[in-house]
Amino acid sequence: MPQNSVIEGFSKFSKQDKVQWIADQYFQSSKDKAEEIQRYWLTDHEQQTIMDGFSENVIGNHILPFSVAPNFLIDGVLHTLPMVIEESSVVAAASSAAKFWLTRGGFKTTIISTTKLGHVHFTWSGNILLLQENQTFIIDHLMEEVAPLVSNMQKRGGGVKEIVFKDLSKKVDSVFQIEVSFETCDSMGANFINTVLEAFAAAFTNLSNSTDLFPADHRDVEVVMSILSNYTPECLVHVETACPVDQLGGPINDTDAITLAHKFKKAVDIARADTYRAVTHNKGIFNGIDALILATGNDFRAVEACGHAFAAKSGQYISLSSCEIEDGIFQFSMDIPLALGTVGGLTSLHPMAKIALEILGNPSACDLMRYTAALGLAQNFAAVKSLVTTGIQKGHMRMHLQNIINHLGLSKAEADLVNTHFRDKAISHSAIRTFVEENGKK
Ligand code: MEV
């Protein structure tokens, strides 16, 4: 429904007035709707004030299920992974994959690197050689200027790792970059990186105006923007699972182990060759990754954007995971960039994010990278295994059936009837409604 007219000063309205405005604008029974929205406010006023502080124009809370997937054996230690996701069967699939690998060695991870990048993008009429030939002097000056901003991070073992000057002018007229590598320890580091980059930008502009280094006709540095890059291919974790092919069968599928191994590999190879399949395949990986990232108050948009760019690094978008069968060993693995934090930001403010991190034993950012990668691979394993054996709809629709039962508000007796009747039948909203109508409301 379109908005009736422009509203001025909405952000200054009280929260109550914002709710009322929405209810009046968009709903017939506005009083009821306002009350309905308010029912989702937290009764603990202090907690609700914290939630309201996360965003602007807040009128309520949007609730998603907070689930847990137990039995994840990661690097020899057992974990229960918190997951925030609305999609039926994702948590069940993760749990079953965890249990499957529990008796086959679990998930093994390696942190490959933890570097993040940011850039000062600027226009200039000069030559990159001038910057490169004088880089020691320029970098020393820039580092001096940001010393107070980086000292805390340095004490924690992080800070600025490297600065290089790059010439982008062949692609975008007159554009150059100061590319900065950062180590941000246990914080995701977006605020730290952006603050340091903006300080670099100001210091560099001043330097270009005030030293003889820059010839009089090349003192025209103009900063376009200073911003971290969410592409973090150097903040990378490797995760793998492996077992003898003949151990791949088991209680959760009937297909024989060798057939399963080869069909599974074929499915992964298809996702490495065909972008249409790769996107869906990787979406399955992110079902798990996003759920853990949301649960721990991390930025799932950043991780998704990066993961998809990484999947396309060869020039073609392909599967993030790969599968090998060699010398009778089935191996399923993935390298994935995950720029995560376990301190700062929402991680320490959102009450459920804090609980999620406590469940994980208040991990370091590196450990959270390990758990997240393991969950992504587990999710992928569960999805592909279903696809090549029973088909995805069996498990998925079982969960969906429960949602339809809830949606139709069926009694326990009706739900039992529906569950029995649809055990081996195709499930749809209308089929279930018709069945209930024909079999009478109880
Ligand atoms: C559904 O959310 C995810 C899957 O489509 C992933 C896949 O196809 O691999 C099942």
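Student: Where is the place of Met-397?

Tutor: Helices here are DSSP runs of H or I with at least four residues, strands are runs of E with at least two, and both are numbered from the N terminus. Met-397 has its place in helix α13 (residues 393–408). This is a predicted model, in which local features need pLDDT of at least 70, side-chain atom pairs count only at pLDDT 80 or more, and totals for chains, interfaces and linings use all residues. Residues are numbered from 1 along each chain as its sequence is written.

Student: Does Met-397 count as buried or exposed, and why?

Tutor: Count C-beta atoms, placed from the backbone. A residue is buried if 20 or more others lie within 10 Å of its own, exposed if 12 or fewer do, and partly exposed in between. Met-397 counts as buried because it has 20 C-beta neighbours inside 10 Å.

Student: How far apart are Met-397 and Ser-428 in sequence and in space?

Tutor: They are 31 residues apart in sequence. From C-alpha to C-alpha they are 8.6 Å apart.

Student: What is the secondary structure of the protein, and what does its C-alpha trace span?

Tutor: The protein has 15 helices and ten strands. Along its principal axes the C-alpha trace spans about 90 × 70 × 40 Å. Of the 442 residues, 34% are buried.

Student: Which domains does the assignment give?

Tutor: Domain bounds come from an automatic or database domain assignment. Here it gives domain 1 (1–63), domain 2 (70–113 + 235–390), domain 3 (116–228) and domain 4 (396–438). The C-alpha centres of domain 3 and domain 4 lie 61 Å apart.

Student: Which residues touch the most other members of the largest nonpolar core?

Tutor: A nonpolar core is a set of buried Ala, Val, Leu, Ile, Met, Phe, Trp, Tyr and Cys residues, joined through C-beta atoms within 7 Å. The largest one holds 93 residues, and Met-83, Ala-94, Phe-200 and Ala-374 touch the most other members. Helix α12 (residues 365–388) supplies the largest share of this core, 14 residues. Domain 2 and domain 3 each give this core at least three residues. Apart from this core lies another, of six residues, including Ile-404, Ile-405, Val-418 and Ile-432.

Student: What is Ala-94 in contact with, leaving aside neighbours within four places in sequence?

Tutor: Two residues are in contact if their C-beta atoms, placed from the backbone, lie within 7 Å. Among the contacts of Ala-94 are Met-83, Gly-288, Leu-375 and Ala-378. Across the protein, take contacts with a separation of 6 or more: residues 24 or more positions apart account for 72% of them.

Student: What is the order of the open sheet that contains β3?

Tutor: Two strands pair if DSSP finds at least two bridges between them. This open sheet of four strands runs β3-β8-β10-β9, with antiparallel pairing. Its edge strands, β3 (108–114) and β9 (321–326), each pair on one side only. The twist averages 15° from one strand to the next. For angles, axes are lines fitted to C-alpha atoms, for helices over the stretch in contact; angles run from 0 to 180 degrees between N-to-C directions. Strands β8 (residues 235–244) and β10 (residues 329–337) are joined by nine bridges. Thr-241 stands opposite Phe-332 in β10. Helix α8 (residues 257–273) packs on the sheet and touches β9 and β10. Its direction makes about 140° with that of β9.

Student: What is the order of the open sheet that contains β5?

Tutor: The order is β5-β6-β4-β7, again four strands with antiparallel pairing. At the edges are β5 (159–167) and β7 (222–228). Eight bridges join β5 to β6 (residues 175–183), and Phe-165 stands opposite Ile-178 in β6. Helix α7 (residues 190–210) lies across β4 (116–123), β5, β6 and β7, at about 160° to β7.

Student: In the hairpin of β1 and β2, which residue takes a positive phi?

Tutor: Asp-75 does, near 50°; the hairpin has two residues between the strands. Seven bridges join β1 (residues 66–74) to β2 (residues 77–84), which run antiparallel. Ser-67 has Met-83 as its bridge partner in β2.

Student: Which residues surround the ligand?

Tutor: A residue is near a molecule if its C-beta atom, placed from the backbone, lies within 6 Å of it. Around the ligand are Glu-87, Thr-280, His-281, Lys-283, Gly-284, Asn-287, Ala-383, Val-384, Leu-387 and Ile-392. The elements giving two or more residues to this shell are α9 (275–295) and α12. Helix α9 gives the most, with five residues.
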